[in-house]
Each structure stands twice: as C-alpha cells, then as structure tokens.
Amino acid sequence: MRKFVTTTAIAAVMVALGAGVSARAAENVEVLHWWTSGGEAAALDVLKKDLESKGITWTDMPVAGGGGTEAMTVLRARVTAGNAPTAVQMLGFDILDWAKEGALGNLDEVASKEGWDKVVPGALQQFSKYDGHWIAAPVNVHSTNWVWINKAALDKAGGKEPQNWDELIALLDNFKAQGITPVAHGGQPWQDATIFDAVVLSLGNDFYKKAFIDLDPETLGSDQMKEAFDRMTKLRSYVDDNFSGRDWNLASAMVIEDKAGLQFMGDWAKGEFLKAGKKPGTDFVCMRFPGTQGSVTFNSDQFAMFKVADDKVPAQLAMASAIESPVFQSAFNVVKGSVPARTDVPDTDFDDCGKKGIKDLAEANASGTLYGSMAHGHANPAAVKNAIYDVVTRQFNGELSSEEATKELVAAVEGAK
Ligand code: GAL
C-alpha cells in the first residue's frame, strides 16, 4: 500500500512537473534584433534580465548590422518560411508595412489596461498602432542629429562647441592639425544617410520637412539640396582612408581611444562611450549637429509583436508590459543612450546628455520641430529610404557630383514612391 501511494505520489509529481515544464516552455520569447555592439548588448541585457525575473526565458536571434538592414532581410525569410519570431526590433514605417500585411498581433488588452495611450507620445503612436490597434511596444526614442566629441581634443582646440557650419569646419581643421582623424566614420549606406539627416536639417527645418517628409520634388532638386551634397563632400574630406565598410561602433571607438576628434551619430553612440567607462562632460561632449539646435530628427526602436501560436501570447503580452514599465524605461535607456518612450519617466537617473535628450525631445515636440529620421525609417517606407540611401552613398563616395546627385535624388524618390 505504502509503495502504491508513493508511486502514485511520484506519478502525480511527475505530471505536475510535466505541466509545469510545458507551461514554462510557453513562457518564452524569441527576439530578433540588431543590438550586437557593446553598448547595445549591455542595454539588451537589462531587458533580458527583467524578463527572466518575471519567469520569461529569452531565445536570442541577433542579426548584426547597424540600422537593421540585415535584420529586416532575415525577418522576411523567417516570416516567408512561416516561422515568425515572437518579437522583432523594428523602426517606424517597417512596422506599418508588416501591419498592412496582417502579420502582427494585437496588444490592445495590455495597452488599455496600462493606459499607454496617455503616456506614449503621439509621434511614436503613429508607428505603434495600426487601424486603431496597438501592434508594437516602443522601447525608446533615439535621435540622429548628434555629435560626439573627444573632450581632450576639443579642449586643445580652444574648448568651444561649434555653433554653425563654419565653426564646425574650423574645428575639423584644428583636429587635422592635431594629427588625429577629424571625423570617425564608417562608410556604410545607413551611416552616410545618418550624417545626411543632420546636414539637411542644418539647412533649415522647412527644408528637411519638405525634402524628407513631404518628398517635394522641387525641394529634392533644389540648389539647397546641392548645397547639402557639397557639405557631404566637405565632410568626406575629413575621414580616414580606412573608413569604407567600418561598423559604427568601431568609429565610436576611434573617438573613445583619442584617435579621432568626433563622430556624427545617433545617441546609441553614447552607449559605447559609457560601456568604455567614459563620462559625458569629462571624456566626451555631446551636442546637436551645428545649426540644428532646437530641432530633433528622431527614431524609436519598437518591438513589433508577430502573430504567434495562442500558447505564446501570454509571454508576448508580458514582454510588452515589461517594456512599457516606467522603471524599465529608465533603466534601459540610461544604458542605451536613448530617452524613454513615455512622457512620465523622471530624468533623475540620466546623465547630462540623457537629460538634454529628454528636454530637447519635449521642446521640439512642443514647438513643431520634431521630425522623423529619414536615415532610420521614420520619414518614409523602406523603398523610398533605400532609394535615398543609394544616391547619398554614391555621392559620398565620389561616384556622383553634387549636381548629378541632386537630379538623381528626385528621380530615385519619384520611382520609389
Ligand atoms: C538604429 C537603432 C538603434 C541602434 C542603431 C545602430 O537604427 O534605432 O537602436 O541600434 O541603429 O545599430
């Protein structure tokens, strides 16, 4: 008898364990992302650990390549094979493209329970919602019109932050005279386009809006656009010989290691400086690209949630809820270099660059000078973005004159619209 009870008890425990295991197996998220640099991985770890503390395991699907071009190619293959990941790091118009295809799930239950409508800025909601339904959970707000300057090199040059184009050029000349590479850059289309975002914005808010948001052919083909390309040619003269194909974080490392004067890059670059133990104001300086003070070209990383089997939905919703928690938003963005995707997160834990980022975003939003980043998929769908990338990169590499590039830009955008 005793033996029988024991056996039954063991069997019961086995069943219970089995059920537990299968319940736990469902508490798993497979996440496709391109956060593979040191700073990015450190930020991602905040999310992984947060989910682990809630009993959700993480299956990692990293696809290296800044800006996410390669990740989007891999995603297409996965979905075509009928095997969509649970959650995918995604930018702006790409989210809407997938929503249009009917591939995304629905986060309304958790969004309405937690009141996301009231705290997520409208500029992000236009990409987190489709047809009135929440389809993605915004993690952060980055912006592309930043400059990251080596503080020692800036001090040697007199310590003054350049306020306009001429002062920027004077600073780059000074860096050259110091014997360092003036501009740390990686020659990849998305990095060239990131600089182009800032250069176009520096020629005027209206110019940026008409060119990249409205895609106005007259503006795209204007003398001002030729001037933007001329400025790209000028900046190109300050990069080193080995810039071609270099990853963005290796360019950040050149500034970190005193080999280069500055990098034009979105605020994910700050994540690299922090990871290397560098302090803003002491080791490096963050400032808006000269001539773009008061304006912000933003991009927001969101986790687009794909349609998955019913038993995987609870983990997916739990992940979305975890991402939108104010405590997580602060912890993650402090490491990532971005700012929170909610308006109610205190800036207490952020360094001076983060505090500036939060303030700049709020001010630009209030004054109507907040624009979606062309380079990072928040101004146009991928087809148009890639058409612009192509022209910008060919011009940057000397294959097109400024005049030719201006003409090609009009034609390329027209063809991709
Ligand atoms: C951006 C993304 C950032 C950062 C960067 C470089 O598109 O929004 O989070 O990862 O690419 O990889």
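Biologist: What is the strand order in the open sheet of 5 strands?

Modeller: This is a predicted model, where local features need pLDDT of at least 70, side-chain atom pairs count only at pLDDT 80 or more, and totals for chains, interfaces and linings use all residues. Residues are numbered from 1 along each chain as its sequence is written, and side-chain values use heavy atoms, without hydrogens and water. Helices (H or I, at least four residues) and strands (E, at least two) are DSSP runs, numbered from the N terminus, and two strands pair if DSSP finds at least two bridges between them. Pairing in this open sheet of 5 strands is mixed, and the order is β2-β1-β3-β13-β6.

Biologist: Which strands stand at the edges of that sheet?

Modeller: An edge strand here has a single partner strand, so one side of it is left without a neighbour in the sheet. From one strand to the next, the twist averages 30°. The strands at the edges are β2 (57-62) and β6 (136-138).

Biologist: Which residue of β13 is the bridge partner of A87?

Modeller: Strand β3 covers residues 87-91 and strand β13 covers residues 301-305. They pair in the antiparallel sense over 5 bridges. The bridge partner of A87 in β13 is M305.

Biologist: At about what angle to β2 does helix α2 run?

Modeller: Helix α2 (residues 38-53) lies across β1 (28-33), β2 and β13. Axes are lines fitted to C-alpha atoms, for helices over the stretch in contact (heavy atoms within 4.5 Å), and angles run from 0 to 180 degrees between N-to-C directions. Relative to β2, helix α2 runs at about 155°.

Biologist: Which strands are the edges of the open sheet of 4 strands?

Modeller: This sheet has mixed pairing and the order β14-β7-β12-β15. Each edge strand pairs on one side only. The edge strands are β14 (339-340) and β15 (370-372).

Biologist: Which residue of β14 does V141 stand opposite?

Modeller: Strand β7 (residues 140-143) is joined to strand β12 (residues 296-299) by 2 bridges, and these two strands run antiparallel. In β12, H142 has N299 as its bridge partner, while S143 stands opposite F298. Strand β7 is also joined to β14 by 2 bridges, again running antiparallel. The residue of β14 opposite V141 is V339.

Biologist: Are N140, V141, H142 and S143 of β7 buried or exposed?

Modeller: N140 and H142 point one way from β7, and V141 and S143 point the other way. Buried means under 20% relative accessible area, exposed over 50%, and partly exposed in between (1.4 Å probe, protein chains only). On that scale, all of N140, V141, H142 and S143 are buried.

Biologist: Which helix lies across β7 and β14?

Modeller: Helix α11 (residues 205-213) lies across β12 and β15, running at about 25° to β15. The helix across β7 and β14 covers residues 326-336 and runs at about 25° to β7. That helix is α17.

Biologist: How are α10 and α13 oriented to each other?

Modeller: Helix α10 (residues 189-202) and helix α13 (residues 223-236) pack at an angle of about 130°, with axes 10 Å apart. Angles under 35 degrees count as roughly parallel, over 145 as roughly antiparallel, 65 to 115 as roughly perpendicular and the rest as oblique. The two helices α10 and α13 are therefore oblique.

Biologist: How many nonpolar residues are in the contact of α10 with α13?

Modeller: On α10 the contact is made by D192, I195, F196, V199, V200 and S202, and on α13 by M225, A228, F229, R231, M232 and L235. Ala, Val, Leu, Ile, Met, Phe, Trp, Tyr, Cys and Pro count as nonpolar, Asp, Glu, Lys and Arg as charged, and the others, Gly among them, as polar. The contact has 2 charged residues and 1 polar residue, and the number of nonpolar residues is 9.

Biologist: How many Å apart in space are V199 and G291?

Modeller: V199 lies in helix α10 and counts as buried at 0% relative accessibility. Not counting residues up to four places away in sequence, V199 touches A228, R231, M232, L235 and F289. V199 and G291 are 92 residues apart in sequence, and their C-alpha to C-alpha distance is 8.7 Å.

Biologist: What is the relative accessible area of D131?

Modeller: D131 lies in the loop between β4 (129-130) and β5 (133-134). Its phi is near 60°, a positive value in a residue other than glycine. D131 is exposed, with a relative accessible area of 68%.

Biologist: Is L215 buried or exposed?

Modeller: L215 is in the loop between α11 and α12 (217-220). L215 has a positive phi of about 55°, although it is not a glycine. At 8% relative accessibility, L215 counts as buried.
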